[in-house]
Amino acid sequence: MRFRLDRVHVWAGEVEDQAGGVAAKLAPLAEAGANLAFIFTQRRPDKPGKGVLYVAPLNTADQIKAAKHVGMHEVHDPVVICVEGDNEAGLGFRLTREWAKAGISFRGLTMVVMNGKFVGYAAFDTVQESNHAAEILADLGTH
């Protein structure tokens, strides 16, 4: 089993928690040519009526300018890695078990499988945790 790992440079911004709130933030990014591989939203329980939108990647100056125009900024917390590879039964369990053995507590994990391939995004509190998690992924990928 082989994996491809990449650090994801995530941009985030507050959105209105209403129909069209996310679309309003994404429209200028699309107009600037952004081809987003990662979109994640969540409500803010501490701010009723608000949510947070996370996106990646933004690759050009026009895309970054559009993101800033709608109130988005690059975030370094959480630290997100993307992993892609061939799917195997039990992969999510083996991965999270090995992270647990290493004392790694991840902030969030999303994994999706299509046509025998998976893509996952894992969020960590620190660069050190993400690097250690990536090392474990690399070890799993060689066994």
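Which backbone oxygen lies 3.1 Å from a polar atom of the side chain of Lys25? I opened the notebook with that one, and the oxygen turned out to be that of Glu14. A reminder to myself before going on: this is a predicted model.

**Entry 1: Lys25**

I found Lys25 in helix 1, which runs over residues 21-31. I then looked for a charged partner and came away without one: Lys25 is buried yet has no salt bridge. The nearest side chain of opposite charge belongs to Glu16, 7.3 Å away. A salt bridge needs the side-chain nitrogen within 4 Å of a carboxyl oxygen, so I let Glu16 go. Setting aside residues up to four places away in sequence, I listed what Lys25 touches: Glu14, Val15, Leu53 and Val70.

**Entry 2: Gln63**

Next I went to helix 2, residues 61-69, where Gln63 is found. Is Gln63 buried or exposed? I noted a relative accessible area of 5%, and because the cut-off for buried is under 20%, Gln63 goes down as buried. Its side chain reaches the backbone oxygen of Gly33 at 3.3 Å. Gly33 is also among the residues that Gln63 touches, beyond those up to four places away in sequence; the others are Leu29, Ala32, Ala34, Pro57 and Leu58.

**Entry 3: Asp6**

For Asp6 I turned to strand 1, residues 3-16. With a relative accessible area of 30%, I logged Asp6 as partly exposed. Which side chain is joined to that of Asp6 by a polar contact of 3.1 Å? It is the side chain of Arg4. Leaving aside neighbours within four places in sequence, I saw Asp6 in contact with Val80, Ile81 and Cys82. I also checked His76, 70 residues along the chain from Asp6, and the two C-alpha atoms are separated by 15 Å.

**Entry 4: the whole chain**

Stepping back, I counted four helices and six strands, in the order β-α-β-β-α-β-α-β-β-α along the sequence. The C-alpha trace spans about 45 × 35 × 25 Å along its principal axes. Of the 143 residues, 36% are buried. Among contacts with a separation of 6 or more, I noted that 71% come from residues 24 or more positions apart. The accessible surface is about 8400 Å², with 53% belonging to carbon and sulfur atoms. Last, I looked at charge: there are 15 positive and 17 negative charges, and their mean positions are 2 Å apart.

How values were computed:
Residues are numbered from 1 along each chain as its sequence is written. This is a predicted model: local features need pLDDT of at least 70, side-chain atom pairs count only at pLDDT 80 or more; totals for chains, interfaces and linings use all residues. Side-chain values use heavy atoms; hydrogens and water are left out. Helices (H or I, at least four residues) and strands (E, at least two) are DSSP runs, numbered from the N terminus. Buried means under 20% relative accessible area, exposed over 50%, partly exposed in between (1.4 Å probe, protein chains only). Lys and Arg count as positive and Asp and Glu as negative; His and the chain ends are not counted. A polar contact is a pair of N or O atoms within 3.5 Å; within protein, one must be able to donate a hydrogen and the other to accept it, and residues adjacent in sequence count only if both atoms are side-chain atoms. Contact means heavy atoms within 4.5 Å. Accessible areas come from the Shrake-Rupley method with a 1.4 Å probe; for residues, only the protein chains shown count as cover. The place of a charge is taken as NZ of Lys, CZ of Arg, CG of Asp or CD of Glu.
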